[in-house]
Amino acid sequence: MTVVNLQYYAQLREQAGMGGEQLATAAATLRQLYEELCARHDFTLAADALKVAVNAQFCGWDHPLREGDTVVFIPPVAGG
Amino acid sequence: MHFRLASEAFDTAPLRDGLQQPGCGGFCAFEGWVRDSNEGRQVDGLSYEAYAELALAEGERIVEEAIARYGIGDACCVHRTGDLAIGDLAVWVGASAAHRDEAFRACRYIIDEIKHRLPIWKKEHYVTGESAWVACTHAYREHEHESDHAHRHHEPAAAFAPDYSRQLRLREVGEAGQARLAASRVLVIGAGGLGCPVISYLAGAGVGTLGIVDGDRIDASNLHRQTLYGMRDIGELKVDAARRRVTALNPAVQVQTWSKPLDADNAVEVFGQFDLVVECTDDMRSRYLSNDAAVLSGTRLILASVYQYEGQLQVIEPGAACLRCLWPHEPAPDEVGSCVSSGVLGPVPGTLGAMQAMEALKLLLDLPRPREPALLLVNLLDMGMTRLPIDARRGCALHGGCASVARRALERDPGEADIALHFDVLEEALAAGFQLVDLRETKEIIAEPLGVAAARQISSAQILAHAGEFAQGRWLLVCASGRRSAHAARLLRAEGLHQVHSLAGGVSALRVTG
């Protein structure tokens with residue numbers, strides 16, 4: 001299991017009911033991790049609608065997960 | 001003394017005589033009388049109650065303004081308080097001037113401003129025996145619509161000189177920086193929660209020309225976050241109220257306004273007239289159009305948006321990563337949330353808008369700033385700020401570069417005018433041969449039924465799966481605000497279905513006019 005730190009923004013924060021959490025996961029890639037989180041928090045947004053960053057760098061969804069990574073999920077927002 | 005309150009009936013002849021001057025060739029008076037009905041209710045009298053101290057001071061100020069504004073000989077005004085019967089004189093205004101034109105205008109100015117600004121409350125007594133305090137809502141003020149030409153000879157003698165001393169003191173600004181600001185032209189798209197702080201800070205800083213684009217009118221629900229406006233502005237076009245506020249704040253700033261959103265036909269040309277564009281709408285479509293127009297015109301663009309307690313900020317400079325480098329395609333409206341559906345606290349767009357104004361000044365003054373493109377995430381609950389650098393090589397560069405991606409997007413744009421159609425009532429659309437498609441969720445439909453039969457009910461997220469059903473006939477897609485239906489119509493148009501339209505403004509626009 002890999003322990004990662006997760007941060008949620010905008011709609012994801014609202015749906016998760018929290019701004020972030022620490023999670024032990026068997027997921028090997030960001031895509032697998034997001035699938036796990038969709039089941040866990042009932043996220044409604046598809047991965048392709050989001051940007052994801054690991055340790056403050058944008059990454060592709062196939063990026064591998066490493067112990068201690070900080071993963072940030074960012075939906076587009078439009079309010080003004 | 002030019003203004004007074006009268007608790008009993010008064011004689012107007014001495015007032016008129018008091019305004020007579022040898023140099024005056026014209027006199028104009030206005031009398032306001034008590035009428036026997038108001039908004040369909042029979043009235044048999046009314047009472048005026050004034051906050052006397054304030055009313056006297058404000059009334060005096062209004063008459064003095066009129067005398068200075070139109071350069072007239074003299075003017076005065078008397079307003080009744082207490083109980084009045086039908087036909088009684090409620091207010092009297094008189095103005096004398098060298099020529100009749102100024103006398104008419106000054107008289108009109110005084111009565112319009114009195115109705116608008118004076119702390120006097122009216123209680124109507126109805127023939128049914130009931131009575132009610134009547135709010136004096138937005139008053140049309142003719143002088144706001146006068147051209148500059150009409151009274152430019154009567155402007156107050158001493159012009160206001162803006163004092164920039166507090167910012168001139170900064171070593172990085174100084175006289176040279178101030179001159180740069182005065183020579184700059186900035187376009188602000190959206191005069192709402194983000195746009196209000198942008199407009200007021202840039203006007204205050206002395207940016208030479210501000211362009212303002214907004215098609216909306218001020219609503220009471222805007223006031224908690226849109227700090228340029230007040231209660232009396234409700235119902236007015238935002239660009240008109242914003243222009244007035246900018247002129248009041250800093251008359252040295254030139255204001256140009258667009259009261260319709262820009263579109264694929266004019267955005268690149270309009271952007272080309274400005275040094276910098278600040279995108280402040282709550283509309284994804286506008287943000288993508290601004291992105292494409294900025295890329296193609298080589299104009300710097302500052303984007304921001306908010307969601308509840310968070311915001312995002314991105315500065316786009318020519319040749320660097322753009323919005324499409326991050327999110328290549330415009331997301332569907334239900335993916336992005338809005339202030340209407342998700343809620344927002346006023347200081348959230350206030351903070352992000354102030355940051356946009358700061359970025360604008362940094363660019364105009366060439367202040368030190370990080371050069372690599374990045375997306376800034378701001379969370380105002382935990383006070384977290386995260387700067388994520390954007391790698392342009394992994395964005396539009398993979399699809400021919402930002403400029404060719406933007407050009408293709410604008411060429412595909414079918415133009416909103418053709419897609420969005422206005423109807424006062426849905427019966428008109430049916431009579432015109434349209435079949436209706438209700439894109440709202442079941443709970444929305446229950447809360448507000450269309451009132452006429454929809455041919456289909458399809459959730460907006462499912463629209464493409466039903467594309468085949470729209471090949472024949474003319475279709476009007478309907479949602480609450482017109483946003484989901486416009487997006488769905490564009491998706492179907494991209495599939496070659498050209499007889500699909502969207503109800504402009506959605507069901508809520510019907511309710512206002514219908």
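Biologist: At roughly what angle do the axes of helix 10 and helix 15 of chain B cross?

Modeller: In this predicted model, where local features need pLDDT of at least 70, side-chain atom pairs count only at pLDDT 80 or more, and totals for chains, interfaces and linings use all residues, side-chain values use heavy atoms, with hydrogens and water left out. Residues are numbered from 1 along each chain as its sequence is written, while chains are lettered from A and ligands numbered from 1 in the order in which they are written. Now the helices: the axes of helix 10 (residues 284-297) and helix 15 (residues 402-412) of chain B cross at roughly 125° and come within 9 Å. Axes are lines fitted to C-alpha atoms, for helices over the stretch in contact, with angles from 0 to 180 degrees between N-to-C directions.

Biologist: Why are helix 10 and helix 15 of chain B called oblique to each other?

Modeller: Angles under 35 degrees count as roughly parallel, over 145 as roughly antiparallel, 65 to 115 as roughly perpendicular and the rest as oblique. The crossing is roughly 125°, so helix 10 and helix 15 of chain B are oblique. Their crossing is left-handed, meaning that the near helix is turned anticlockwise from the far one by less than a right angle (clockwise would be right-handed).

Biologist: Which residues of helix 10 and helix 15 of chain B make the contact?

Modeller: Helix 10 of chain B brings B:L289, B:D292, B:V295 and B:L296, and helix 15 of chain B brings B:C402, B:A403, B:A406, B:R407, B:A409 and B:L410. Contact means heavy atoms within 4.5 Å. By class, that contact has eight nonpolar, no polar and two charged residues.

Biologist: What makes helix 2 of chain B roughly antiparallel to helix 3 of chain B?

Modeller: The axes of helix 2 (residues 52-70) and helix 3 (residues 100-117) of chain B come within 9 Å and cross at roughly 150°. That value is over the 145 degree cut-off, so helix 2 and helix 3 of chain B are roughly antiparallel. Their crossing is right-handed. The contact residues include B:I62 and B:A66 of helix 2 of chain B and B:A106 and B:I110 of helix 3 of chain B. By class, the contact of these two helices has eight nonpolar, one polar and eight charged residues.

Biologist: How do you know whether B:A66 is buried or exposed?

Modeller: Buried means under 20% relative accessible area, exposed over 50%, and partly exposed in between (1.4 Å probe, protein chains only). B:A66 has 0% relative accessibility, so B:A66 counts as buried. Leaving aside neighbours within four places in sequence, B:A66 is in contact with B:G71, B:I72, B:A106, B:Y109 and B:I110. The C-alpha atoms of B:A66 and B:R105 are separated by 8.5 Å, although the two residues are 39 apart along the chain.

Biologist: How many helices and strands does chain B have?

Modeller: Chain B has 20 helices and 22 strands. These are DSSP runs (H or I, at least four residues, for helices; E, at least two, for strands), numbered from the N terminus. Of the 514 residues of chain B, 49% count as buried.

Methods: Nonpolar A, V, L, I, M, F, W, Y, C, P; charged D, E, K, R; others polar.
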